[in-house]
Amino acid sequence: MNKLIFSLAAATALAGAASPVMADKTDKLLTDEYREKIAVARAEPGVAEYGGVYLDRASDRIAKLDKKLDNDKSGQAEAVAGEINALIETARTRARIAMLKKDVEEAKARAAASTNDKLANAQATAATAQAEAAAAQAEAARLKAQMRDYQLKQTQLGATLVLQDVVFETGKADLKPGAAQRLQPLAQYLQANPNVKVRIDGHTDAQGSDAYNQQLSQARAQSVRNALAGMGVSGDRITAVGHGESSPIADNRNAAGRQQNRRVEVTLVGQQADSFAATS
Amino acid sequence: MRNMVLIGLAAASLTALAAPGAALAGDEEDARVAIAAAKAKLDAAEKAGVGGAAGDVLNRSRTVLEQANAKFGHDEDRHAIVLAHEADALADLATATAEMRTLESERSKIAVN
């Protein structure tokens, strides 16, 4: 571009400077110089192809320049020289324009391809996100359906499920084989809902000493806590408390009542029991 | 025979007088056409809103065209013709330069985006 501006400046300045310069040169030398300038321009990339018509006109003007130089009393030769210079620069500019057009078209094609790529990527990302969301939704629904089997009840603390003593070895805090499997849906739910905290309350019937019952209820609550922790639920989220025989829910004078009293309650703190119902 | 010689001389004289006149009339018409052609290109370039480096070339074209008109007004038709041709070529160059600038700008914008 600098070359072009320089050439333009040179062409523009030629009018003022041409006469003295021309006066110093023979007609032949001057016309040869212009022929050389035209030849140089014609050899430049694209100039013959895209600016050939201007160079041809410039070549035609050489004869006229020669004629005017022969008998130039009024400075007409400088006008012809100015015209030739302008024609040469126009030829160069036309070649530059042709190349620029090609550049612009290629740049547009690249930009369009890039936009299409971005669009395709965005669509793929959106589709993946949609699929993941659908999968997460399906998983949440599946977990809720599993939780439904626990028949959660609403309590003051939250949604509570009851594990009867049948999951424990008689008189012990150890979970029976297969009992852990029963806790699996709960563990999965807690893993999928990391903000939900859990409270485990152990209870016994009224048989045996208070101290023994207190210890047994605490140990059973802790046993459930350990089982959940073993399934990947952080122990920090779980509080285990033993109540012994202090909170019966049925009559301890008969076997059926005592069985109900021997229980471990697992409460999902702050959760609504009806959110696990079939309609939700 | 003498009459024929006289008629011949008269015809020759008339031709000698008329020929430069005919040539001058042709120059005047050529100058008028060249000036009109250059003006048309100049007007088109101005209408297209040529600026920057192209504007400088256009100004040069305008100045040269004014000189052509001045020469034409003083019956210096041949000088007017060469000036009009120069103005014409400069108007072409201005138009091409403006077109090139536009393309360069367009290419830069695409490159940025």
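## Confidence in the model

pLDDT is the predictor's confidence in each residue, from 0 to 100. Chain B averages a pLDDT of 82, and 77% of its residues score at least 70. This is a predicted model, so such scores belong at the start of any reading, because where pLDDT is low, the predicted coordinates should not be read in detail.

Helix α1(B), residues 2–47, has the lowest mean, 69. Helix α2(B), residues 52–73, has the highest, 94. Residues 8–23 of chain B stay under 50. For that stretch the model has zero contacts beyond four places in sequence.

Chain A has a mean pLDDT of 87. There, 89% of the residues reach 70 or more. Residues 1–19 of chain A fall below 50. Beyond near neighbours in sequence, that stretch of chain A has 22 contacts in the model. As a whole, the model scores ipTM 0.78 and pTM 0.57.

## Where the chains meet

In the interface, 24 residues of chain A are in contact with 24 residues of chain B. Which elements of chain A each supply at least two residues of the side that touches chain B? They are α1(A), residues 2–24, and α4(A), residues 76–148. Helix α4(A) gives the most, with 20 residues. By class, this side of chain A has eleven nonpolar, six polar and seven charged residues.

Helix α4(A) meets helix α3(B), residues 77–112. Their axes come within 8 Å and cross at roughly 20 degrees. Angles under 35 degrees count as roughly parallel, so α4(A) is roughly parallel to α3(B). The crossing of α4(A) and α3(B) is left-handed. The contact between these two helices has 19 nonpolar, seven polar and 14 charged residues.

## A helix pair within chain A

Helix α4(A) also packs with a helix of its own chain, α3(A), residues 47–70. The axes of α3(A) and α4(A) come within 8 Å and cross at roughly 175 degrees. Are the two helices roughly parallel or roughly antiparallel? Angles over 145 degrees count as roughly antiparallel, and α3(A) and α4(A) are therefore roughly antiparallel to each other. Their contact has 16 nonpolar, three polar and seven charged residues.

## The sheet of chain A

Chain A holds an open sheet of five strands. The order is β1-β2-β5-β3-β4, and the pairing is mixed. Strands β1(A), residues 153–154, and β4(A), residues 238–242, stand at the edges. Each has a single partner strand, so one side of each is left without a neighbour in the sheet.

A hairpin joins β1(A) to β2(A) through three residues. The two strands run antiparallel and are joined by two bridges. Here A:Q154 stands opposite A:A159 in β2(A).

Next comes the pairing of β2(A), residues 158–164, with β5(A), residues 263–269. These strands also run antiparallel, and seven bridges join them. A:V162 stands opposite A:E265 in β5(A). A:L163 stands opposite A:V264 in β5(A). In a regular strand the side chains alternate between the two faces of the sheet.

## A helix across the sheet

Which strands does helix α6(A), residues 210–230, lie across? They are β2, β3 (198–203), β4 and β5 of chain A. Helix α6(A) runs at about 160 degrees to β4(A).

Methods
Residues numbered from 1 in each chain as written. Chains lettered and ligands numbered in written order. Predicted model: local features only at pLDDT ≥ 70, side-chain atom pairs only at ≥ 80, totals over all residues. Contact = placed C-beta atoms within 7 Å. Helix = DSSP H or I, 4+ residues; strand = E, 2+ residues; numbered from the N terminus. Nonpolar A, V, L, I, M, F, W, Y, C, P; charged D, E, K, R; others polar. Axes fitted to C-alpha atoms, helices over the stretch in contact; angles between N-to-C directions. Parallel < 35°, antiparallel > 145°, perpendicular 65-115°, else oblique. Left-handed = near helix turned anticlockwise from the far one by under 90°. Pairing = 2+ DSSP bridges.
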